[in-house]
Amino acid sequence: MEAPAHPPVTAERRPADEDESRRANRRDWDRYADEYQATHGAFLGDIGFVWGPEGTSEKEVGALGDVHSLDVLELGSGAGQCSRWVCSNGGRAVGLDLSHRQLQHSLRIDDATGVKVPSVQATATALPFAAESFDIVFSSFGALQFVADGERLLEEISRVLRAEGRFAFSVTHPTRWMFPDDPGPEGLVASQSYWDRTPYVEVDDVTGDVAYVEHHRTIGDWIDLLTGAGLALTRFIEPQWPEDHERVWGGWSRTRGLLTPGTAIFVADRLRH
Ligand SMILES: C[S@@+](CC[C@H](N)C(=O)[O-])C[C@H]1O[C@@H](n2cnc3c(N)ncnc32)[C@H](O)[C@@H]1O
């Protein structure tokens, strides 16, 4: 399949609801999947689990704990690299992603490695699983920051988790929303309010359609969402940029990474009902 070209877009901050966000992001990730995998696939590793552009691995931080013999769901699983790592460590992982093209890449890597991740195309705000199906739900820069309806998302995650199950996820560090998304020195000058929750939206210059959406939540917002869904925060990990790490990924770079955190990893455990 030939990937359709990216349309010219204009970035702005404006409201975007759940339907608009889902429609735009599904199209965008279908369009972008080939380039994403070609650019970042080697860094991610076919059977690799990194939490973000710093290259911090699950092996280093142990956010999920021992996955052996556990049922594990990955949200926004993309090509399933993290889930494949879970499988290779004895867990039973299932992937879920909004983008069909990302899941085609997942199948391609399943075949190439022989480590197969059963995956489903769905949105993280309507999980096609029975209650209490999983011991762990996780997401590495997956669905979380693409979703408008945070309450619904967390409700769903809590519903499919077993009592005392774990939820761990990484997102762009909320403080990054104060800065322009620029990997150079300009990305170090705060110019936007940390408390402005207006979504980041890219609008197609030709059609005027919303082409891509990301939603900002402060650290306090995330903690409130977790708590509201019966999940108790147990760790908040802010991976440090390795001194010798030169790789640029979008707005993430050594220039910024040595001074400000780029990724936040939240770990929370579901309380008993
Ligand atoms: C930055 S990629 C990360 C993919 C993968 N976790 C990785 O580390 O490569 C974000 C992924 O989230 C998916 N996504 C976006 N919105 C979603 C939603 N509402 N539900 C499920 N997946 C979603 C996208 O299709 C995309 O594959």
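**Contacts and burial in a predicted model**

Modeller: Phe49 and Trp85 are both buried. This is a predicted model, in which local features need pLDDT of at least 70 and side-chain atom pairs count only at pLDDT 80 or more, while totals for chains, interfaces and linings use all residues. Residues are numbered from 1 along each chain as its sequence is written, and side-chain values use heavy atoms, with hydrogens and water left out.

Colleague: Why is it said that the pair of Phe49 and Trp85 ties together parts of the sequence?

Modeller: Phe49 lies in the loop between α1 and α2 (58-61), whereas Trp85 is in helix α3 (residues 81-88), so the pair ties together parts 36 residues apart in sequence. Helices (H or I, at least four residues) and strands (E, at least two) are DSSP runs, numbered from the N terminus.

Colleague: How do you know that the side chains of Gln145 and Glu214 are joined by a polar contact?

Modeller: A polar contact is a pair of N or O atoms within 3.5 Å; within protein, one must be able to donate a hydrogen and the other to accept it, and residues adjacent in sequence count only if both atoms are side-chain atoms. The contact between the side chains of Gln145 and Glu214 is 2.9 Å.

Colleague: What are the relative accessible areas of Glu164 and Gly65, and how is each residue classed?

Modeller: Glu164 has 52% and is therefore exposed. Gly65 has 36%, so Gly65 is partly exposed. Glu164 belongs to strand β6 (residues 161-172), and Gly65 to the loop between α2 and β2 (71-75).

Colleague: What makes Arg247 a residue that lies over the face of Phe43?

Modeller: A charge sits over a ring if NZ of Lys or CZ of Arg is within 6 Å of the ring centre and within 35 degrees of the ring normal. Arg247 is 4.4 Å from the ring centre of Phe43. The charged end of Arg217 also sits over a ring, that of Trp222, at 5.1 Å from its centre.

Colleague: Which residues come nearest to the ligand?

Modeller: A residue is near a molecule or strand if one of its heavy atoms lies within 4 Å of it. There are 21 residues around the ligand, and Tyr36, Gly76, Asp97, Gln102 and Ser140 come nearest. A nitrogen atom of the ligand is 2.9 Å from a polar backbone atom of Gly76.

Terms used:
Buried < 20%, exposed > 50% of the residue type's maximum accessible area, 1.4 Å probe, protein only.
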